[in-house]
Amino acid sequence: MTTERDPRTLTPRDAWKALRDGNQRFVSDAAQHPSQDAARRAELSAAQHPFAVVFGCSDSRVAAEIIFDQGLGDAFVVRTAGHVLDTTVIGSIEYGVQLLGTPLVVVLGHESCGAIAAAAHTLETGEQPPGFVRAVVDRVIPTIVNITSTGRGVRGVDGQVDPDLLRREHVRHTVSMLLSYSAGLSAAVAAGRCAVVGVEYTLSDGRMTLVEVAGDVGEDPVV
Ligand SMILES: [Zn+2]
């Protein structure tokens, strides 16, 4: 979005459409790089009114403003390896929704995610990653436990953990955990003021796929 506006006047559908349109431009190599000039910088110096919180992986290939073709002041971005949650991450997301009034939260997973691969490796071998990388892996493992407890599998026909299935479930589980941890966020969704979506991003073509929706964004998950 290129014009200044109060996010509280936008619906979750408006916000999702803006991100969807921006991603289409990026996919078709027609990015407009909006809101990145000196005038926009000056306009925003007094206050920010982002219209979406994007919570994604730290992976260098999945930069939120670039893949959604947005600019300064548009997205309130939180990133951790493997989009794993902790209290400060949830607090940052709540800041975007409750204090800045953003109508949409996007949980952004992607193919070939190193954090998820590391968790799958630990699951298969018992080997732990070094240092505090383990803290990241430890926060992906509950997704696998959750899937197992619900009877759904993450193993392919060869019996190995399927990284595509695991990634998708990790996005869904992150949305679910976020809503269960954050009373403020779930209340905003229940009131229709905010929606939470889970999205998968494909590295090679830049496309995103909607895999989870809480609230109304005018679109249902496709897988
Ligand atoms: Zn990743």
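Is Cys 113 buried or exposed at 7% relative accessibility? In this predicted model, Cys 113 counts as buried, because its 7% relative accessibility falls under the 20% limit.

**View 1. Protein donors of the zinc ion**.

**View 2. Gln 70 in the loop between α3 and β2**. Gln 70 sits in the loop that runs between α3 (64–67) and β2 (75–79), and its relative accessible area of 2% means that the residue is buried. From this position the side chain of Gln 70 reaches the backbone oxygen of Phe 68, at a distance of 3.0 Å.

**View 3. The aromatic pair of Phe 76 and Tyr 95**. The count of aromatic pairs comes to one. In this pair the rings of Phe 76 and Tyr 95 are stacked, with 5.7 Å from centre to centre and 25 degrees between the planes. The pair links distant parts of the chain, since Phe 76 belongs to strand β2 and Tyr 95 to helix α4 (residues 87–99), 19 residues apart. Phe 76 counts as buried because its relative accessibility is 17%, whereas Tyr 95, at 38% relative accessibility, counts as partly exposed.

Technical notes: Residues are numbered from 1 along each chain as its sequence is written. This is a predicted model: local features need pLDDT of at least 70, side-chain atom pairs count only at pLDDT 80 or more; totals for chains, interfaces and linings use all residues. Side-chain values use heavy atoms; hydrogens and water are left out. Helices (H or I, at least four residues) and strands (E, at least two) are DSSP runs, numbered from the N terminus. Buried means under 20% relative accessible area, exposed over 50%, partly exposed in between (1.4 Å probe, protein chains only). A polar contact is a pair of N or O atoms within 3.5 Å; within protein, one must be able to donate a hydrogen and the other to accept it, and residues adjacent in sequence count only if both atoms are side-chain atoms. Donors are N, O and S atoms within 2.8 Å of the metal (3.2 Å for Na, K and Ca); water is not among the atoms, so sites may look incomplete. Rings of Phe, Tyr and Trp (its six-membered ring) pair if their centres lie within 6.5 Å; planes under 30 degrees apart count as stacked, over 60 as edge-to-face and the rest as tilted.
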